Amino acid sequence: MAHILIVEDEERIASFVAKGLRAEGHRTTIAGNGHAGLDHALAGDVDLVVLDVGLPGIDGFELLDQLRSQGSRVPVIVLTARDSVTDTVTALEGGADDYMPKPFRFAELSARVRLRLRQATTAPGGAGPLDVLHAGGIELDLRTRRATVAGREVELSAREFALAEVLLRNAGQVLSREQLLDHVWGLDFDPGSNVVDVYVGYLRRKLGADAIATVRGMGYRLER
Ligand code: CA
């Protein structure tokens, strides 16, 4: 059972989502505007946020931005307009873990919620050496979301950090583009998309040109 915050101003959708999640044994809180949503999300006892984009007060993107900039790593699934590629990209770049195009069937949302909760619980929790990943002179602190290269701090976006994290966890191993898409971008990315290559490029600029090797025809490998 998890505590799930639903930030959605359309009562019909909010109650549809809440009802379904409660039927699956979760506890739900509904916030009908962006400010209330941010307050609840920052309160600390929320395990996952279902976040609409169009909200009174501050919108979903602004909420997400404030949430991440205040250090919260709570998983966020953004409800986007089905045809808006811009919304989807903005949400993911802004640090959302996943997105759900509207309108959706509850089963589709439920599958994403389960996946995100599972990933959150298998991530290392609490203080300890598992909270800091090291490889090849790169260090990622998973609690503070800080990255350093040879002791020098570098700024990573939420998406870059997630990509660096999966590469560091599997340092020395080749990861295919599909594996990286699955881990970092979640469902529904066109396997033909070059988003992985683009982000590996961003990371090389920040972590060092030699940090990530391209293994032709197979994928990428972070050097130990
Ligand atoms: Ca709305």
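1. In this predicted model, valine 46 is buried, with a relative accessible area of 10%, and its place in the chain is the loop between helix H2 (34-42) and strand S3 (48-52). Leaving aside the neighbours within four places in sequence, valine 46 is in contact with His3, Leu5, His40 and Val74. Leucine 142, by contrast, lies 96 residues from valine 46 along the chain, and the C-alpha atoms of the two are separated by 19 Å.

2. The calcium ion has as its protein donors Asp9 (OD), Asp52 (OD) and Gly54 (O), which lie 2.1 to 2.4 Å from the ion. Along the sequence these donor residues follow the spacing D-x42-D-x1-G. Distant parts of the chain are linked in this way, since aspartate 9 belongs to the loop between strand S1 (3-7) and helix H1 (11-23), whereas glycine 54, 45 residues apart from it, belongs to the loop between S3 and helix H3 (60-69).

3. Four strands form an open sheet in the order S6-S7-S8-S9, with antiparallel pairing. Its edges are strand S6 (132-135) and strand S9 (152-154), each of which pairs on one side only. On average, and with direction ignored, neighbouring strands of this sheet are turned by 25 degrees against each other.

4. Within that sheet, strand S8 (residues 146-149) pairs with S9 in the antiparallel sense over three bridges, and threonine 148 stands opposite glutamate 153 in S9. Helix H6 (residues 158-169) packs on the sheet, where it touches S6, strand S7 (138-141) and S8, and the direction of H6 makes about 115 degrees with that of S7. As background for inspecting such a sheet, side chains in a regular strand alternate between its two faces.

5. A further antiparallel pair consists of strand S11 (residues 212-215) and strand S12 (residues 219-222), which four bridges join. Alanine 213 has arginine 221 in S12 as its bridge partner. Which residue of the hairpin of S11 and S12 takes a positive phi? It is glycine 217, with a value near 75 degrees, in a hairpin that has three residues between the strands.

Methods
Residues numbered from 1 in each chain as written. Predicted model: local features only at pLDDT ≥ 70, side-chain atom pairs only at ≥ 80, totals over all residues. Heavy atoms only, no water. Helix = DSSP H or I, 4+ residues; strand = E, 2+ residues; numbered from the N terminus. Buried < 20%, exposed > 50% of the residue type's maximum accessible area, 1.4 Å probe, protein only. Contact = heavy atoms within 4.5 Å. Pairing = 2+ DSSP bridges. Axes fitted to C-alpha atoms, helices over the stretch in contact; angles between N-to-C directions. Donors = N, O, S within 2.8 Å, 3.2 Å for Na, K, Ca; no water.
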